[in-house]
Amino acid sequence: MKKNQKGFFALAMSTLLFIAGCGGGNVNNGAANNVATTAPTAEASSSAAPAPDDVNIRFGYSPWLGSAGAIVANEKKIFADKGVNVEFVQMEGNTKDAFMSGKLDAVVQSLDAVVQMKAAEDPKDPVQVIAVIDRSKGADGIIASKDVATLQDLKGKDVAVSIGSVAHFLLLNALQTVNMKESDVNIVNMNNNLAGSTFMAGKVDAAVTWEPYLSEAAAKGGHLLYSTADAPNLIVDALVVKKSMIDEHPEALKAMVASFDEGLKLFSTTDEGKKIVADALGMDVAAVDSTIATLDLTTSEASKTMLVDNKQEWETTMGGFSAFFMDQKIITSPVDPAGIINTFLYE
């Protein structure tokens, strides 16, 4: 997650005071006008390695835990060391619109958002997934009251969720595992960032939400029915660029992704790395440790396995999102997932 939804995961984490939004999904059409450009975060100096080229990659940055590798790479000047200029462009809203309008060169979006972007792309410059950044493995789920002990007990109950969102898709996926349909529950449509608090107020029987509401629900008498720990490949964030960027600046993109990976290794293996991320997100290290348990931050090696060895699996997932969005009338034509994944980083 972001999280749209990254959006959904991102908004959740903002409750913990460390994110402003991430990933894709339903977006504010004005987001592209809310770009707050910071000074370039990594400029090659005379002592830095030569830049692969002189491009300045405008990276749409949402301050959340999934960006740990990028945060550390920025702070430790790894981008400059690898000879690439990366300009963090922090967003007040979702990065999707800004990317689609050409104001950003690279963004992190959830796969559901990628499908929507693909449906609206310029076919002469298609949207491409080049790396996996993270996977939700328990950060998103369905919380319920005591009298809803199982998924089957949701029958006839009020469930808060944003219709057409990836959280809605997660709900349908959960119902399908017990041979139930959407019509078996009473959907209460609301923005996903309100679903958790609405449940906590006792106004619905269940809600599709994220941390910290999942933990808070257990502390206040509710419990977790289903989560992305049961479906770890459902909510996945990817690094997205357009084909022209790959064609014109492949070495710069390779250097940027290598910087992310090096930053992630420092985050995962050193106290300094965790402290850098905690400070950047307004958290303490203990909160970072507890939250990261619900998120799989993906190394370049793991990303290669997913996008090269398991490419068909991810295309099938995106095909499922396409069918879902067609059914919800969010897109008007089905999206062919073939060709969305570009493996140039691993060739």
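**View 1. Helix H6 is largely enclosed by the rest of the structure, because eight of its eleven residues are buried.** Buried here means under 20% relative accessible area, with exposed being over 50% and partly exposed in between (1.4 Å probe, protein chains only). The buried residues of H6 are Val166, Ala167, His168, Phe169, Leu170, Leu171, Ala174 and Leu175. Helices (H or I, at least four residues) and strands (E, at least two) are DSSP runs, numbered from the N terminus. Please keep in mind that this is a predicted model, in which local features need pLDDT of at least 70 and side-chain atom pairs count only at pLDDT 80 or more, while totals for chains, interfaces and linings use all residues. Residues are numbered from 1 along each chain as its sequence is written, and side-chain values use heavy atoms, leaving out hydrogens and water.

View 2. Rings of Phe, Tyr and Trp (its six-membered ring) pair if their centres lie within 6.5 Å; planes under 30 degrees apart count as stacked, over 60 as edge-to-face and the rest as tilted. The ring centres of Phe169 and Phe324 are 5.2 Å apart and the planes stand at 70 degrees, so this pair is edge-to-face. It joins distant parts of the chain, with Phe169 in helix H6 (residues 166–176) and Phe324 in helix H14 (residues 311–327), 155 residues apart. Both Phe169 and Phe324 are buried.

**View 3. Phe324 also pairs with Phe325.** Here the centres of the Phe324 and Phe325 rings are 5.4 Å apart with planes at 50 degrees, so the pair is tilted. Phe324 has a relative accessible area of 6% and is buried; Phe325, at 1% relative accessibility, counts as buried too.

**View 4. Phe59, Tyr61, Phe79, Phe88 and Phe260 make up one aromatic cluster.** For a charge over a ring, turn to Lys242, which lies over the face of Phe99 at 5.1 Å from the ring centre. The criterion is that NZ of Lys or CZ of Arg is within 6 Å of the ring centre and within 35 degrees of the ring normal.

**View 5. The chain has 14 helices and twelve strands.** Of its 347 residues, 57% count as buried. The average pLDDT (the predictor's confidence in each residue, from 0 to 100) is 85, and 84% of the residues score at least 70. Over residues 2–48, pLDDT stays under 50.

Terms used
Contact means heavy atoms within 4.5 Å.
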